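Take a moment to look over the sequence and the 3D view before reading on. Then let us walk through them together, one step at a time.

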Amino acid sequence: MKGQPYILRAFKKTNGQSQEVFGVKIYVMEFEADVDCTKVTHSPDALALVGGYNIACRGMGERHTFEGKIRFEKMEKGWRPNQNPDDIHER
């Protein structure tokens, strides 16, 4: 994203599962992602967000690798992500 202190270098789906809960169709996707810092964030308050997970960019070119899950719910007009930051962690 332009203006963000990071760039997404790689994103890979590693697993997935379809479910139906109380009549609502749900899809849970597991993933891995690599993020490179494009600028330094100078304080803990200046953090980038990836799926609700905070990234501190301490140096340009610094790479962060994440794995996690994103849950999608089927709506009338398509699928909507329902993300919990606790489902993402840095490796």
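Predicted model: local features only at pLDDT ≥ 70, side-chain atom pairs only at ≥ 80, totals over all residues.

What kinds of elements will you find in it, helices or strands? The protein has 7 strands and 0 helices, and from the N terminus on its elements read β-β-β-β-β-β-β. The chain has 91 residues, and 26% of them count as buried. The protein exposes about 6400 Å², with carbon and sulfur atoms supplying 50% of that area. Now think about which parts of the chain meet: among contacts with a separation of 6 or more, 54% are between residues 24 or more positions apart.

Let us start with the pairing of strands. Strand β1 covers residues 6–21 and strand β2 covers residues 24–37; these two pair in the antiparallel sense, over 14 bridges. Their hairpin leaves 2 residues between the strands, and in that hairpin F22 takes a positive phi near 50 degrees. On its other pairing, β2 meets strand β5, residues 63–75, again in the antiparallel sense, this time over 11 bridges. You can follow both pairings residue by residue: F11 has A33 in β2 as its bridge partner, while F31 has G68 in β5 as its partner.

How many aromatic pairs does the model contain? The count comes to 1, and the pair is formed by F11 and F31. Their rings are stacked, 5.2 Å from centre to centre with 15 degrees between the planes. The pair links distant parts of the chain, since F11 sits in β1 and F31 in β2, 20 residues apart. Are the two partners buried or exposed? F11 has a relative accessibility of 43%, so it counts as partly exposed. F31 has a relative accessibility of 4%, so F31 counts as buried.

In soluble globular proteins, nonpolar side chains tend to be buried together. Here the largest nonpolar core holds 11 residues: Y6, M29, F31, A33, V35, C37, I55, C57, F66, I70 and I88. Both β2 and β5 supply at least two residues each, and β2 gives the most, with 5. One member, I70, is in contact with Y27, V28, M29, F31, P81 and Q83, leaving aside neighbours within four places in sequence. Another member, I88, is found in strand β7, residues 88–90. I88 counts as buried because its relative accessibility is 4%. The C-alpha atom of I88 is 5.9 Å from that of E67, although the two residues are 21 residues apart along the chain.

Our last stop is T65, a residue of strand β5. Its relative accessible area is 18%, and the cut-off for buried is under 20%, so T65 is buried.

Technical notes: Residues numbered from 1 in each chain as written. Heavy atoms only, no water. Pairing = 2+ DSSP bridges. Helix = DSSP H or I, 4+ residues; strand = E, 2+ residues; numbered from the N terminus. Phe/Tyr/Trp six-rings, centres within 6.5 Å; stacked < 30°, edge-to-face > 60°. Buried < 20%, exposed > 50% of the residue type's maximum accessible area, 1.4 Å probe, protein only. Contact = heavy atoms within 4.5 Å. Areas by Shrake-Rupley, 256 points an atom, 1.4 Å probe, with all protein chains shown as cover. Core = buried A, V, L, I, M, F, W, Y, C linked by side-chain atoms within 4.5 Å.
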